[in-house]
Structure formats: structure tokens, C-alpha cells
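Me: Please take a close look at the paired side chains in this model. I want to know which residues are joined, at what distances, and how accessible they are.

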Amino acid sequence: AQSVTQPDIHITVSEGASLELRCNYSYGATPYLFWYVQSPGQGLQLLLKYFSGDTLVQGIKGFEAEFKRSQSSFNLRKPSVHWSDAAEYFCAVVEDNDMRFGAGTRLTVKP
Amino acid sequence: KAGVTQTPRYLIKTRGQQVTLSCSPISGHRSVSWYQQTPGQGLQFLFEYFSETQRNKGNFPGRFSGRQFSNSRSEMNVSTLELGDSALYLCASSFEDGISSYTFGSGTRLTVV
């Protein structure tokens, strides 16, 4: 069955520290891959997406993600976290027009 | 350029009632998808409409239905509400392919009491 796994439910980092949020997927072919961010009470905002080509994708707000086919992963990274990055982050995968979301990782930023 | 607009933002209904939620997509977007978000189940796909036709459907009971109008606005309806239907309902719109340019609305928070 198709699945998207975000192993970390909750992550806490200090402001200015680096960040990596993990995402693994289970699909037959190379899917379309997305990262979204959700602030409390709000909808989802697209951070970045990968369809094909360069496996390192740059997004908004200083985020990037790397697609690793051999590991079926699409981890999200940011070199220096800001307090405003505190939110919930969702990895999503699309294959055959079917978009599936991971359970989300809640990011807390310590001052 | 206006974003995806969902109305109402908040709604409280009683068990057994029915509810209709509305979604106005970004101008020019023809695909509208609906998702249910709950703490226990996360984000689950309900259905997708394109050019007034349901193109894709998730695994929800028949109490959940939707439609799309000629101006691409979409409504979803839930009949015979259950407590478990309490959730944030999110709508997303995109161009024709339904996926690559998804933009989400802020959602409608439905509480069933």
C-alpha cells in the first residue's frame, strides 16, 4: 500500500540551529513530492515540490529538500531556524493524481 | 490575486444535522479538492472535482458529497452529522492537472455536538 512516513511527531530546536525533518515514502515509481507548512488554525502553505531533475530542491523561507531514490526519502532542511518557523510540517506524495500526506511533524523553536 | 476562500470559517452543528461548506478557488483554477484533517487521522482526501465532474474520490461514506459549479466554486455536504465528523475541512485548488499547483484555503472548522 502507498504510504508516507514522517518518523518524528515533534521536534524542538533552538533558534539559529539547523533543522532536518524526515520523510519516507513507499511507492512503486518516482512520485511527485511536496512539503507543506501549517500554522495553527490555518491552511497548508507549499514550501517546495519535486517532480524530476535536480534532486536538491530549493523552496521558500530558506528551506530545501533532497530526494534520495535509494532511501525513498525526501527530507526537509533549513540551515538556521527562525522563531517564526514554529509550525507543523507535512510531507506529501502524489502518484496517479492521489495525494497522500504524512502524519506531520510539529516544530517547536526555543529562544 | 485572491487566494482560495473557504466559508464559513467556523461552524457548530448538532448530531444528525447536515452541513454545506463552500470553497471558491483561485481565479483560473479549475480543479478543487477537499480534505478532512483530524488529530487522529491526519489529512485525508475526500474528493476532487474538475469541470463540474468528480474526478477522484477518497474512502469516505456516502454521507460526504460534493459538487462543482460552472464558475469552479465547489461545495461539500455532509448529511446526518456524527461527532466524528468534527474536523478542519480544507479545500485546495489548482490548474488542470489537479496536483502540481495546489493552493490551500484556510479551512472550515466544523464542530459537531
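Reply: **Bridges, contacts and disulfides**

The model is predicted, with local features needing pLDDT of at least 70, side-chain atom pairs pLDDT 80 or more, and totals for chains, interfaces and linings using all residues, while side-chain values rest on heavy atoms without hydrogens or water. Residues are numbered from 1 along each chain as its sequence is written, chains are lettered from A, and ligands are numbered from 1, in the order in which they are written.

Two residue pairs, both at pLDDT 80 or more, are in polar contact across the interface of chain A and chain B (N or O atoms within 3.5 Å; within protein, one able to donate a hydrogen and the other to accept it, with residues adjacent in sequence counted only if both atoms are side-chain atoms). On the chain A side, strand E5 (32-38), strand E6 (44-50), E10 and strand E11 (98-101) each supply at least two of the residues that touch chain B (strands, at least two residues, and helices, H or I, at least four, are DSSP runs numbered from the N terminus). E5(A) gives the largest share of that side, with four residues. In total, 16 residues from chain A and 16 residues from chain B take part in the contact (heavy atoms within 4.5 Å). The two chains bury about 1300 Å² between them, 56% of it on carbon and sulfur atoms (accessible area, 1.4 Å probe, lost on being put together and summed over both).

Over all chains, the search of the whole structure finds nine salt bridges. In chain A, the side chains of Glu64(A) and Arg77(A) form one of them, at 3.2 Å from N to O. Glu64(A) is in strand E8 (residues 64-68) and Arg77(A) is in strand E9 of chain A, 13 residues apart, so this pair links distant parts of the chain. Arg77(A) counts as partly exposed because its relative accessibility is 23% (under 20% relative accessible area is buried, over 50% exposed, and in between partly exposed, with a 1.4 Å probe and protein chains only).

In chain B, Arg55(B) and Glu48(B) meet in a salt bridge through their side chains, with N to O at 2.6 Å. The side chains of Glu48(B) and Arg55(B) also count as a polar contact, at 2.6 Å. Glu48(B) lies in strand E5 (residues 42-50) of chain B and is buried at 3% relative accessibility, whereas Arg55(B) is partly exposed at 36%. Another salt bridge joins Asp85(B) to Arg63(B), whose closest N and O atoms are 2.8 Å apart. Asp85(B) is in the loop between strand E8 (74-78) and E9 of chain B, and Arg63(B) is in the loop between strand E6 (53-57) and strand E7 (64-68), so the pair ties together parts 22 residues apart in sequence. Both ends are buried: Asp85(B) has 4% relative accessibility, and Arg63(B) has a relative accessible area of 16%. Back in chain A, salt bridges with shared partners join Glu64(A), Glu66(A) and Arg77(A) into one network.

Besides neighbours within four places in sequence, Asn75(A) touches residues including Glu64(A), Glu66(A), Trp35(A) and Cys23(A). Asn75(A) sits in strand E9 (residues 73-78) of chain A and is buried at 15% relative accessibility. The side chain of Asn75(A) makes a polar contact of 3.3 Å with the side chain of Glu20(A), and it reaches the backbone nitrogen of Cys23(A) at 3.0 Å.

Cys23(A) is also part of a disulfide (cysteine sulfur atoms within 2.5 Å) with Cys91(A), with S to S at 1.9 Å. The torsion about the S-S bond of Cys23(A) and Cys91(A) is about -60 degrees, so this disulfide is left-handed. Cys23(A) lies in the loop between strand E3 (19-21) and strand E4 (24-26), and Cys91(A) in strand E10 (residues 87-95), 68 residues apart. Cys23(A) is buried at 0% relative accessibility, and Cys91(A) is buried with a relative accessible area of 0%.

Two disulfides are found over all chains. In chain B, Cys23(B) is joined to Cys91(B), with S to S at 1.7 Å. The link of Cys23(B) and Cys91(B) is left-handed, with -40 degrees about the S-S bond. Cys23(B) is in strand E3 (residues 19-24) of chain B and Cys91(B) in strand E9 (residues 87-94), 68 residues apart. Both Cys23(B) and Cys91(B) are buried.

Note on methods. A salt bridge is a side-chain nitrogen of Lys or Arg within 4 Å of a carboxyl oxygen of Asp or Glu.
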